[in-house]
Amino acid sequence: EPRELFDSVVGRAASLLGAEVTLLALLSGDGHSLSTVAQIGLRSGSASRLRAVEDLGLQQLAIETGEPVAVSDLCSDPRLEGRRFTLADEEELVSAVAVPLRGKDRILGTLVAGNRTQTPFEEQQVELLATFGNLMALAIETRQLYDKLESLARLEERVRVLGRAAQERPVRAERAGAVRVDLRLVDQGAQ
């Protein structure tokens, strides 16, 4: 199940990176908002709420560049100047790394790990989180393809059933017509 996989990846990432907060957020179809689907360590109750990408500065930058973004101090990093950090502010995060979930044709979401104290994330940690992000993107796209195949199989079965019913209808109508003719003959014979 996707939910179990999401929780497992978030848990593993938190453990391996020593992160206080880890979350996986999926991008909406229109690309304007992110929804947290799995998390560890978030204090705010609004974590699962749909949020505008523009309110999530670090994640926004990872989505825009398509590359991991590691920041040891969210307040002083020049790459983030002028960006909003509603979730980071609510959670009092100081350091974080966000990696995009890169699908075949588009960004699917982000995987984020962060701490409430200043923490310089090492290159190996960023690469590890990026690997998790790539695996998540692959799993998400595989699930989407599987869902499409299931949908097509159901549609094909419906078409098959309707096709059989359409073939049987003329036979039934023919039989019904023969019965009507036979009944008329019986009626005529009775007179």
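**Packing around helix α2 in the predicted model**

The buried residues of α2 pack against β1, β2 (33-40), β4, β5 and β6, where buried denotes a relative accessible area under 20%, exposed one over 50% and partly exposed a value in between (1.4 Å probe, protein chains only). The model is a predicted one, in which local features need pLDDT of at least 70 and side-chain atom pairs count only at pLDDT 80 or more, whereas totals for chains, interfaces and linings use all residues. Residues are numbered from 1 along each chain as its sequence is written, and side-chain values use heavy atoms, with hydrogens and water left out.

Helix α2 is largely enclosed by the rest of the structure, because seven of its nine residues are buried. These buried positions are Gly 57, Leu 58, Gln 59, Gln 60, Leu 61, Ala 62 and Ile 63. Just after α2, Gly 66 adopts a positive phi of about 75°.

The protein as a whole contains four helices and six strands, helices being DSSP runs of H or I with at least four residues and strands runs of E with at least two, numbered from the N terminus. Read from the N terminus, the order of the elements is α-β-β-β-α-β-α-β-β-α. Of the 191 residues, 39% count as buried. Among contacts (heavy atoms within 4.5 Å) with a separation of 6 or more, 58% are accounted for by residues 24 or more positions apart. The accessible surface, computed by the Shrake-Rupley method with a 1.4 Å probe, comes to about 11600 Å², and 53% of this area belongs to carbon and sulfur atoms.

A nonpolar core is taken here as a set of buried Ala, Val, Leu, Ile, Met, Phe, Trp, Tyr and Cys residues joined through side-chain atoms within 4.5 Å. The largest such core has 24 residues, and those with the most contacts inside it are Leu 23, Leu 34, Leu 58, Leu 74 and Leu 80. Two or more residues are given to this core by each of β1 (21-27), α2 (57-65), β4 (69-71), α3 (86-91), β5 (95-102) and β6 (107-115). A second, separate core of 23 residues includes Phe 6, Val 37, Val 97 and Phe 121. When neighbours within four places in sequence are left aside, Leu 74 is in contact with Leu 58, Leu 80, Phe 85, Ala 88, Leu 93 and Val 94.

In helix α1 (residues 2-17), Asp 7 is partly exposed, with a relative accessible area of 35%. The C-alpha atoms of Asp 7 and Leu 24, which lie 17 residues apart along the chain, are separated by 8.6 Å.
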